[in-house]
Amino acid sequence: MTALTLYTTPLSGHGHRVKLLLTLLNLPFEEREAGAEQRKTAEFLAVNPLGQVPVLIDDGTAIVDSNAILIWLVKRYAPDSQWLPKDLKQEVEVHQWLAKAAGEIRYGVASARLIKQFSTPENYDSAKSVAAKFLPQMAQHLSDRRWLVGEQATLADVACYAYVACAPEGGITLTPFPAIQRWIQQVEALPGFVGLPPLPIPEAG
């Protein structure tokens, strides 16, 4: 098996989605913590000039961007699996959810978590507004289905899980969205699931 090394941090939702897929695929890998100071070093910046995690090293090849890493892992190690459907319509739908993970989820629930837990200088009102628009749409989508795309878990579920599940850590409750809560439980029941360390739940804002 090719040596895989994942650079991430324990509380990164972006890093978690890669770690989750690695464990779901039962791929052996080495996890290395890349804290803020390490990410400023010339060695790390040579791998990812943006100084961000996650970074996956696969047999000497560095892949950056969490969603790109998900695609890489499936194409390389599980090309005939459920994670990226062969059906063109479903494959496109998976990519649409990956875009939502990088868009509405990142600038909604993920941003709120960054602000509440890490005092990141982002706009909390904006994050709440994005989440308030997106979460009902996601809940409606899940109202009559188990997974985001098709009849099985896909990369869409892997990419969207962490920050949506951690929405309460950003002061955004999921109580009004039982369909999302049910979906979270289904992801967590997948063989090989690994979670994020929990953080304190602030008062919903």
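Select Ser119, which comes directly after helix H4 and has a positive phi, near 55°. Helices here are DSSP runs of H or I with at least four residues, strands are runs of E with at least two, and both are numbered from the N terminus. This is a predicted model, in which local features need pLDDT of at least 70, side-chain atom pairs count only at pLDDT 80 or more, and totals for chains, interfaces and linings use all residues. Residues are numbered from 1 along each chain as its sequence is written, and side-chain values use heavy atoms, with hydrogens and water left out.

**Back along H4**

Next, go to the start of H4, where a side-chain oxygen of Asp87 comes within 3.2 Å of the backbone nitrogen of Lys89. This is a polar contact (a pair of N or O atoms within 3.5 Å; within protein, one must be able to donate a hydrogen and the other to accept it, and residues adjacent in sequence count only if both atoms are side-chain atoms).

**Asp65 and H3**

Select Asp65, in the loop between S4 and H3. Its phi is near 80°, a positive value in a residue other than glycine. Asp65 also caps the N-terminal end of H3, with a side-chain oxygen 3.1 Å from the backbone nitrogen of Asn67. Asp65 counts as partly exposed because its relative accessibility is 47%; buried means under 20% relative accessible area, exposed over 50%, and partly exposed in between (1.4 Å probe, protein chains only).

Buried residues of H3 include Ser66, Asn67, Ile69 and Leu70. Among the elements that cover the buried residues of H3 are helix H1 (13–24), strand S3 (55–58), H4 and helix H6 (155–165).

**Two loops**

Select Asn26, in the loop between H1 and strand S2 (30–33). Asn26 is not a glycine, yet its phi is positive, about 60°. At 66% relative accessibility, Asn26 counts as exposed.

Then select Pro54, in the loop between helix H2 (42–47) and S3. A cis peptide bond joins Val53 to Pro54, with omega about 5°. Most residues other than glycine have a negative phi, and most peptide bonds are trans.

**Between the domains**

Colour domain 1 (4–78) and domain 2 (88–189) separately; these bounds come from an automatic or database domain assignment. In contact across the two are 13 residues of domain 1 and 13 residues of domain 2, where contact means heavy atoms within 4.5 Å. About 1,100 Å² is buried between the domains, and carbon and sulfur atoms give 70% of this area. In domain 1, Leu11, Arg17 and Asn67 lose the most area to domain 2, together 38% of what that side buries. Buried area is the accessible area (1.4 Å probe) that two parts lose on being put together, summed over both.

**Last stop: Met138**

Select Met138 in helix H5 (residues 124–142). Is Met138 buried or exposed? At 0% relative accessibility, Met138 counts as buried. Leaving aside neighbours within four places in sequence, show the residues in contact with Met138, including Trp97, Leu148, Cys160 and Trp183.
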